[in-house]
Amino acid sequence: MSVLTVGISHRTAPVSMLERVSVSGEALVKLLHDVQQDACVSEAMVVSTCNRVEIYAAVDRFHGALTGISRLLSVHSGVPVEELTPHLYVHYEDQAIEHLFSMACGLDSMVVGEGQILGQVRRALTLAQKQGTVGATLNELVQQALRVGKRAHADTDIDQAGASLVTAGLALAGDLAGRRALVVGAGSMSSLAATTLARAGVTDIVVANRTFERGVRLAASVGGRAVEFSAVPRELAAADIVITCTGGGRHVVTPDIVAAHMTGRGVFLLDLALPHDIDPAVREVPGVTLVDLETIQESGIGWREGDTVDSVRRLVAEELAGFLTAERAAKVTPTVVALRSKAATVVEAELGRLLMRMPHLDRKARDEVAQTVQRVVDKLLHEPTVRVKQLATSPGGDHYAEALRELFDLDPKMPDAVREVEL
C-alpha cells in the first residue's frame, strides 16, 4: 500500500480559490468518508486549515486514486475539475511522506515555523480515527510526522523562524499597547489572538462567540469580558482592533455594519478565517484597514530563510531516511519469517521420518541429529535472510523479497508466519 497526497494551499492557489475549496464540520466528515470509499483507496485523512486542504490516502493504484480524489475535491467544493486541477499538487510514496514531515515542522506554512500546524495535523488524525477512515499505514505515518514536528520545535529555533499568522497580521497594526480589541470567535486561532493581544498590552479585550460559555472561558483567561454574538456591531463601535476567526461560512462584519458603527473613527480589522468572516468590501469604508490571509501572504512577513530552516530540512531528511529504512525492513520481515517457518516444518518432518526408520536411536543421539540438522539449516538461511533485509532498505528493495517468495513458494500471510511476526 502506497501513500498519496493531493492538496491545494497558499503556495499554489490564491486565497479566493482556497476559500471555495475550504471544508469543515459535517462537510469535512463527508469528504473524508467519500475519499475512503473510493475503489482505489483503503485509508484517508484530510488536513483542512485556513491556508490548505490536503488529502492523505493509502492507495493501491496511483492514477485511479488521483483521478478519484481530484473528482471528489471538485464535487465537494463546487469548483470544476478543469479549474481546480492547475492549483493542485500531488505527492506520492517517499515524496508524500517527506511533504507531511515538512508540513508538521512548519516549513510549508504561510508563516514559516508556526506551531499551530502540529495541532491541526493531530486533530485531522483524531477525526479520521473516530470516523474509522485510517488504518495501520496512515496511523503510523502521521504519528511519526507528529514526532518529527515536535523534535523540530524542541531541537531547533524554528519557532523563531517566523511568527504565527496572528503575530504576522498584527505586525501590520502598529503599536498595540493601550488599545481596545474585539475578538470574534473562541477557537484555537481566536485563543492565540486574545493571548497575543494581552501580552502586547491591549487594555480591553472583548470576546464574542456563538457559544457564549466558550467566549466567557476565553475572556477570563486573558482578563477580558465576554458578550453575546449579537453584540458584535455594538462592540465594533468601541474597538480599535477587531480580529475574526469563526469560519462560519458567512460574513460577520459587512460594510453596512462598519459604516453604521465606526462614528468617524479608524479601525484595524484582521480576518483570519476561511471562508472570510469580513466582507472584503469594507475596505471601501473610509478609515478602515482590513488585513486578511491574502494580505499576510503578499506582505511576506515571517518568511525567513536561513540556518534554522536549513537545519530543520536536514532533520526532515534524516527522519525520512530512518522511517523509510524501518518501513522497508518491516515489509520483508513476514517473508523472512515465512522462510524460516517453512524450513522448520521441513526439518521437523524429516526428523520424524528418520526416527520412524531408526527407532533404536536413544535420546542423546536423537538430540544430536536434530541439533546438527538445525545448525545446517540456520547456516544456509543466515546469509540470504540477512542480505534480503539489507537490500530491502534500498529503493526497489521489495523486489528481492518477491524473488525469495517466488523461489521458495512462500506465503507470508500463513498463520504461523503472521503469529511469529506479531510476537
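1. Two strands are taken to pair if DSSP finds at least two bridges between them. Helices (H or I, at least four residues) and strands (E, at least two) are DSSP runs, numbered from the N terminus. On these terms, strand β1 (residues 2-9) and strand β3 (residues 52-59) pair in the antiparallel sense over eight bridges. Within this pairing, Ser-9 stands opposite Arg-52 in β3.

2. The basis of the note is as follows. The model is predicted: local features need pLDDT of at least 70, side-chain atom pairs count only at pLDDT 80 or more, and totals for chains, interfaces and linings use all residues. Residues are numbered from 1 along each chain as its sequence is written, and side-chain values use heavy atoms, with hydrogens and water left out.

3. The antiparallel sheet. Strands β1 and β3 belong to an open sheet of four strands, in the order β2-β3-β1-β4, with antiparallel pairing. Its edge strands, each pairing on one side only, are β2 (41-49) and β4 (89-92). From one strand to the next the twist averages 15°. Angles here run from 0 to 180 degrees between N-to-C directions, and axes are lines fitted to C-alpha atoms, for helices over the stretch in contact.

4. Contact means heavy atoms within 4.5 Å. Helix α7 (residues 136-155) also packs on the sheet, where it touches β1, β2 and β3, and its direction makes about 35° with that of β2.

5. The parallel sheet. Six strands form an open sheet with parallel pairing, in the order β7-β6-β5-β8-β9-β10. Strands β7 (225-228) and β10 (288-292) are at its edges, each pairing on one side only. The twist averages 20° from one strand to the next. Within the sheet, β8 (residues 241-244) and β9 (residues 267-271) pair in the parallel sense over four bridges, and Ile-241 stands opposite Phe-268 in β9.

6. Helix α11 (residues 212-221) lies across β6 and β7 and runs at about 160° to β7.

7. The pair α2 and α3. Helix α2 (residues 25-36) packs against helix α3 (residues 62-77) at an angle of about 155°, with the axes 10 Å apart. The two helices are therefore roughly antiparallel to each other; angles under 35 degrees count as roughly parallel, over 145 as roughly antiparallel, 65 to 115 as roughly perpendicular and the rest as oblique. Their crossing is right-handed; a crossing is left-handed if the near helix is turned anticlockwise from the far one by less than a right angle, and right-handed if clockwise. Ala-27, Lys-30, Leu-31, Asp-34 and Val-35 of α2 make the contact with Ile-69, Leu-72, Leu-73 and His-76 of α3. By class, this contact has six nonpolar, one polar and two charged residues. Ala, Val, Leu, Ile, Met, Phe, Trp, Tyr, Cys and Pro count as nonpolar, Asp, Glu, Lys and Arg as charged, and the others, Gly among them, as polar.

8. The pair α15 and α17. The axes of helix α15 (residues 307-357) and helix α17 (residues 398-408) come within 9 Å and cross at roughly 25°, and the helices are therefore roughly parallel to each other. The crossing is left-handed. Val-332, Thr-335, Leu-339 and Lys-342 of α15 meet Ala-401, Leu-404, Arg-405 and Phe-408 of α17. These residues divide into five nonpolar, one polar and two charged.

9. The pair α5 and α15. The axes of α5 and α15 come within 10 Å and cross at roughly 135°, which makes α5 oblique to α15. This crossing is right-handed. On the α5 side, the contact has Asp-94, Ile-97, Glu-98, Phe-101 and Ser-102; on the α15 side, Val-316, Glu-319, Leu-320, Phe-323, Leu-324, Glu-327 and Arg-328. The classes are six nonpolar, one polar and five charged.

10. Aromatic pairs. The structure holds two aromatic pairs. In one of them, the rings of Phe-101 and Phe-323 have their centres 5.8 Å apart and their planes at 80°, so the pair is edge-to-face. Rings of Phe, Tyr and Trp (its six-membered ring) pair if their centres lie within 6.5 Å; planes under 30 degrees apart count as stacked, over 60 as edge-to-face and the rest as tilted. The pair links distant parts of the chain, with Phe-101 in α5 (residues 94-104) and Phe-323 in α15, 222 residues apart.
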